[in-house]
Amino acid sequence: MDILIVEDEPAINHLICVNLQDEGYSCTCAFDGHHAAELIEKNHYDLILLDIMLPGINGYELMEYVRPTGVPVIFITARTGLNDRIKGLKLGADDYIVKPFQIGELLARVEAVLRRFGKSEKRLELYGVTIDLESREVRKDGKPVELTVKEFDLLIQLIRNKNVALQRRRLYELVWKEEFTGETRTLDTHIQRLRKKLGWEDHIKTVFRIGYRLEV
Ligand code: CA
C-alpha cells in the first residue's frame, strides 16, 4: 500500500510517515503543493493524506488533480479551520482528521478508508437488510425499504463505522457535508426513522453524550 503524505510541517509529516511505515505502509512525503501535484500526476497511490494550508497549491486545489484518479483522500485540518473539513468533504474527500490528532486515530481512519476501497464493495448485508450501493436499493427480508438520500447515506456511514461510537458532529458532517452547529434534531430524527424503517431499534444504539453506534 502506497500512501502519499502532503503536509508542509516537517515534524508532522515525519511523524505520520514513521508511524505508517511501522504499520507496513510505504510512504512518499510531499511538503508543498507543486511537488504533490507532480507526484499525483506521475504515480499511483492507494491513499492520499492531504493538508489544506500548503505552499504553492493548497489542499483544495490539489483535489482537482486527485479527483480524476479516484484515489481516496483523508484531509488533515487544523482545529481552527471550522469550515475546512466541510469544504474538503464537499470536494470529494472520504474522511478528515483534525490536528492535533493521536496516531491511533490516524491509523484507524487510514485502515477504514483502505478497507472500504480495497473491497470496492457493491453490496452490504446486515441483520436481514441488503443494500445495493450502486442502485441505492435497500431491502429488508427481501422487501423494498424506501429511504431518503440522507437516511441512506447515514446508514452507509453507520455500517462502515460499525461498533464505533460516532460523535454526532462527525456523523452529521460526513452525511450532510455542512457544519454541525450543535442542533441535534435533524440527525436524531433521521436516526429514529432509520431505526423504524429497518427495525433496528436494538441495533442502532444511542451513546450517551456522544452520538450513535451500530452494534454488530
Ligand atoms: Ca499546513
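**Notebook: calcium site and nonpolar core**

D8, at 27%, counts as partly exposed.

I noted that this is a predicted model, in which local features need pLDDT of at least 70 and side-chain atom pairs count only at pLDDT 80 or more, while totals for chains, interfaces and linings use all residues. Residues are numbered from 1 along each chain as its sequence is written, and side-chain values use heavy atoms, with hydrogens and water left out.

Next I asked which residues coordinate the calcium ion. I found D8 (OD), D51 (OD) and M53 (O), at 2.1 to 2.3 Å; donors are N, O and S atoms within 2.8 Å of the metal, or 3.2 Å for Na, K and Ca, and the site may look incomplete because water is not among the atoms. D8 lies in the loop between strand 1 (2–6) and helix 1 (10–22), and M53, 45 residues apart from it, in the loop between strand 3 (47–51) and helix 3 (59–66) (DSSP runs numbered from the N terminus: helices are H or I, at least four residues, and strands E, at least two).

Then I turned to the largest nonpolar core, where, of 28 residues, I131, L158 and W200 touch the most other members (a core is a set of buried Ala, Val, Leu, Ile, Met, Phe, Trp, Tyr and Cys residues joined through side-chain atoms within 4.5 Å). Helix 6 gives the largest share of this core, 6 residues, and the buried residues of helix 6 include F152, L155 and L158.

Key: Buried < 20%, exposed > 50% of the residue type's maximum accessible area, 1.4 Å probe, protein only.
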